[in-house]
Amino acid sequence: MTLTLDNRSQNKELSLTQALQQIQQLNSKIAVLEQQHLSYVHQQQNLIAAIAEICVSPMQEIQALRILIYRGEGECRQYLRSVLVKRKKTL
């Protein structure tokens, strides 16, 4: 009887230890994801500021924001570069 209780106690302790380790791993992953999210938000804020600075017409700004939303950051930056190149050609 005592041996059975000891085994049950050990099994419960092992289960709790494993659960605690899993919680710690999840917390670490959450912290990494939160940091990545903050970095992403910061990059997007910088890009939106660049859109406002580079685009000279509201239509260009709308187009840049549409590209950012639907196609992503890379294509938006490419569009902004093309706007700058066109502006330099007209000057």
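This is a predicted model: local features need pLDDT of at least 70, side-chain atom pairs count only at pLDDT 80 or more; totals for chains, interfaces and linings use all residues.
Gln 44 sits in helix α1, which covers residues 2–54. The core takes two or more residues from each of α1, α2 and α3.

- Gln 44 counts as buried because its relative accessible area is 10%, and the cut-off for buried is under 20%.
- Leaving out residues up to four places away in sequence, Gln 44 touches Leu 68 and Glu 73.
- Of these two partners, Leu 68 is among the α2 residues that meet α3, while Glu 73 is among the α3 residues that meet α2.

**How α2 and α3 pack**
- Helix α2 spans residues 58–71 and helix α3 spans residues 73–90.
- Their axes lie 7 Å apart, at an angle of about 155 degrees.
- Angles over 145 degrees count as roughly antiparallel, so that is how α2 and α3 run relative to each other.
- The crossing of α2 past α3 is right-handed.
- On the α2 side, the residues that take part are Gln 60, Gln 63, Ala 64, Ile 67, Leu 68 and Arg 71.
- On the α3 side, they meet Glu 73, Glu 75, Cys 76, Tyr 79, Leu 80 and Val 83.
- Sorted by class, this contact has 7 nonpolar, 2 polar and 3 charged residues.

**The largest nonpolar core**
- Eleven residues make up the largest nonpolar core, among them Leu 47, Ile 51, Ile 54 and Cys 55.
- The core also includes Ala 64, Ile 67 and Leu 68, together with Cys 76, Tyr 79, Leu 80 and Val 83.
- Helix α3 gives the most to this core, with 4 residues.
- In soluble globular proteins, nonpolar side chains tend to be buried together.
- Cys 55, one of the core residues, is in contact with Gln 60, Glu 61, Ala 64, Leu 80 and Arg 87, leaving aside its neighbours within four places in sequence.

**Glu 75 in helix α3**
- Glu 75 belongs to helix α3 and is one of the residues there that meet α2.
- With a relative accessible area of 38%, Glu 75 is partly exposed.
- Glu 75 and Arg 8 are 67 residues apart along the chain, and their C-alpha atoms are separated by 59 Å.

Notes. Residues are numbered from 1 along each chain as its sequence is written. Side-chain values use heavy atoms; hydrogens and water are left out. Axes are lines fitted to C-alpha atoms, for helices over the stretch in contact, and angles run from 0 to 180 degrees between N-to-C directions. Angles under 35 degrees count as roughly parallel, over 145 as roughly antiparallel, 65 to 115 as roughly perpendicular and the rest as oblique. A crossing is left-handed if the near helix is turned anticlockwise from the far one by less than a right angle, and right-handed if clockwise. Contact means heavy atoms within 4.5 Å. Ala, Val, Leu, Ile, Met, Phe, Trp, Tyr, Cys and Pro count as nonpolar, Asp, Glu, Lys and Arg as charged, and the others, Gly among them, as polar. Buried means under 20% relative accessible area, exposed over 50%, partly exposed in between (1.4 Å probe, protein chains only). A nonpolar core is a set of buried Ala, Val, Leu, Ile, Met, Phe, Trp, Tyr and Cys residues joined through side-chain atoms within 4.5 Å.
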